[in-house]
Amino acid sequence: MKYVVVTGGVVSGLGKGITASSIGVLLQACGLRVTAIKIDPYLNVDAGTMSPFEHGEVFVLDDGGEVDLDLGNYERFLDITLTRDNNITTGKIYQSVFDRERRGDYLGKTVQAIPHVTNEIHDWIQRVSKVSVDGKEGEADVCLIELGGTVCDMESEAFFRALSDFEFRLGRENFCLVHVSLVPVLGVVGEQKTKPTQHSVQALRALGLTPTLLACRSAKPLEKSTREKLALFCHVPAHHIFGIHDVSNIWHVPLLLRDQNVHLAILERLNLSTASQPELSQWEQRAQRLDTLSSVIRIGMVGKYTGLADSYLSVIKALQHAAFSCEKKLEIEWVASSDLEDDASQSLRTAAWTKLKNVDGVLVPGGFGDRGIQGKLLAAKYARENNVPYLGICLGMQIAVIEFARSVLGLDGAHSTEFDPATPHPCVVYMPEISKTRKGGTMRLGARRTLFQTTNCITAKLYGNAMFVDERHRHRYEVNPEMVSSLENAGLCFVGRDETGSRMEIVELASHKFYVGVQFHPEFKSRPGKPSPVFLGSSKNFPSLSTFPVGLIHAWLQG
C-alpha cells in the first residue's frame, strides 16, 4: 500500500480536501485504485453532535457514519463509498485506547501517548486502507490521508508524530507528503510572499516530517520567481512545487494539477508506473461547460443556517449537478426562514419574501431546533398554493406534512412534538426506538430501504420505475402513523414507506406540478455525472421536458 498524506499550514480553509480529492482523481485517471481517510483532531468521537456553524454539514455514509464534510468531497470526486472508519478523530483513537486498556491488552504497561496512541493511529490507518471502497475485490493501490487543521495546532501533535513514525516504518518509497500552504499577496506591495510557507515548512520539519511536494494556494498563478524562492528556502525541488490558484469552479483543480505534472512527481516518489497518461476528458468538458453556462435557474434555499454555505454543502452540490445536467447555471437565493416570519423586522421580511417570490423552485433542507420553523411552514404554503416546485428534505418533508394538516385539514395547532410537545395534533412524533438520553450516534442513520407503494407516482418514475430505493437517513422524528389516513384522504399521498410499511418516507401532492418531500437525504449520493433523481428528474426516462414526472430542476423547466 502506498500513502499520500495531505497536510496544511498558515491558515485553515485552504482547500486541503479538494486538493486531496483532485490528487485522487489524477491517480485514478492513471489507472490506480484509490481510497481515502480524513483525520480530524478534535476530541469528538464523530461529527454528529456538532453544530453546522461549528464545522459545516454533517455528511452521512451508507453505514450510518456521521463524518466530516470532506468525506463527501472524496465520494463525489472519486465515486467511492466510504465507511465511518475512514474518518479518524482524536475521540475515536482515545476511546479505542481506553477500551484496550480496560481489557488488559497492554499487559500491565503504563499507557502513554507514545507508543500506544501513535500505534493505535498506525493500526487504524493500515486496517482501514485495506478495505475496498470502489466495489471491486482486493485492496486499493494508494490511500489518501488528509490531516485536518494546520501545522502547530496543539490538538494535532499526536497525529503529526504518528505520521512521522509511519513514514519511518513504511519507508520513504511508500509515503508521499503534500503540504498545502498559503502564498498571499499584500495589496500595497503586490508581490507573492513566501515567508508564511517557509515558516510552515520549518514547523513541519520540527515535527519530523519533510514535504515531498508543496501545494501553494494563491489568488493568481504561482510565479516562477516565487517557485524558485520556495525551492531555495524550503529544500523542495522546484518541479515538486505547484500552484493552486483561484479558479472559476473546483472541477478545474484536477486539470491544474495534471498540467503541472503532479501525478508524475507522486508516481516517481512512490515507485509506481502506469501505462497511460491521466484521462481527464470528462473533467475538461465539465469544467469548460460550467464556465460557459448562461441560462440561469434560481432555487430558493429556505433554512436556518444560511449564514454558512458549508452547512448545506451536499445540497448545494446536488443542485449544481442537476442544474449542470440541464445546461443551466445555478443561482441559490439564500432565504433565512426566520426572516419570513411576522415578528421579523419589516425590512428583513420584505427582502425575504421578495427573494422567495422570484425563485423557480423552493427547497427546504434538513435541520434541528425550532428557530425559523414558522418561516419554513410559510415557504411550504407559498409553494403549495402557487404551484411552485417544492422539495422538502428530512425536516422539509415534515414541514410539508404539518403545513398541509393546518391549511387543508384545518387542524389548528398541528405541529411536531419536537417543537411543541403539547400540540393537540402531533403530525410528527419521536421515533419510539430512539434514545432520549444519549444524542451521539443514536438517530436513524445510514442507508435504509424505501418501498414504493405504487409505480404511478412522480418519485418512483424518477428512480426509473423502481420498486424500492436505498438512500441515506439522519433523523429522530417521523410522520405520525396515526394521522396518515386523514392526510391521504385529503389528497396528500405517502408513496414511499419503509419495509414495515408504518414509517413514511416519501410524500407527494398529486394535484401539484412538483410538491415532494423525502425523509431521507438524496443529496449524499449525488455525483457530478450521476445527479440525484429527486433533484434532477430522469432525462433518460423522460426526454421530453413537457412530460411528467419531473424532478425539482426539470419541474421548473417544464413549467
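This is a short talk on a few local features of the structure above.

Okay, hi everyone. One thing to keep in mind from the start: this is a predicted model.

Let's begin on the surface. There's a nonpolar patch there, made by Leu43, Tyr94 and Phe98. Together the three have about 330 Å² of accessible area. To find Leu43, go to strand E2, residues 34-40, and helix H2, residues 52-55: the loop between them holds this leucine. So is Leu43 buried or exposed? Its relative accessible area is 66%, and the cut-off for exposed is over 50%, so Leu43 counts as exposed.

Next, the backbone. Here's a bit of background: most peptide bonds are trans, and most residues other than glycine have a negative phi. With that in mind, have a look at the bond from Ile114 to Pro115, which is cis, with omega near 15°. Pro115 itself sits in helix H5, which covers residues 113-129.

Now for phi. You'll find Asn261 in the loop that links helix H9, residues 253-259, to helix H10, residues 262-269. This asparagine is partly exposed, at 39% relative accessible area.

Then move along to Asn271, another non-glycine with a positive phi, this time about 55°. Asn271 lies in the loop between H10 and helix H11, residues 281-292. Its relative accessibility is 59%, so Asn271 counts as exposed.

That's my tour, so over to you.

Methods. Residues are numbered from 1 along each chain as its sequence is written. This is a predicted model: local features need pLDDT of at least 70, side-chain atom pairs count only at pLDDT 80 or more; totals for chains, interfaces and linings use all residues. Side-chain values use heavy atoms; hydrogens and water are left out. Patches are made of residues with over 30% relative accessible area and no salt bridge: like charges are joined within 9 Å, nonpolar side chains (Val, Leu, Ile, Met, Phe, Trp, Tyr) within 5 Å. Accessible areas come from the Shrake-Rupley method with a 1.4 Å probe; for residues, only the protein chains shown count as cover. A salt bridge is a side-chain nitrogen of Lys or Arg within 4 Å of a carboxyl oxygen of Asp or Glu. Helices (H or I, at least four residues) and strands (E, at least two) are DSSP runs, numbered from the N terminus. Buried means under 20% relative accessible area, exposed over 50%, partly exposed in between (1.4 Å probe, protein chains only).
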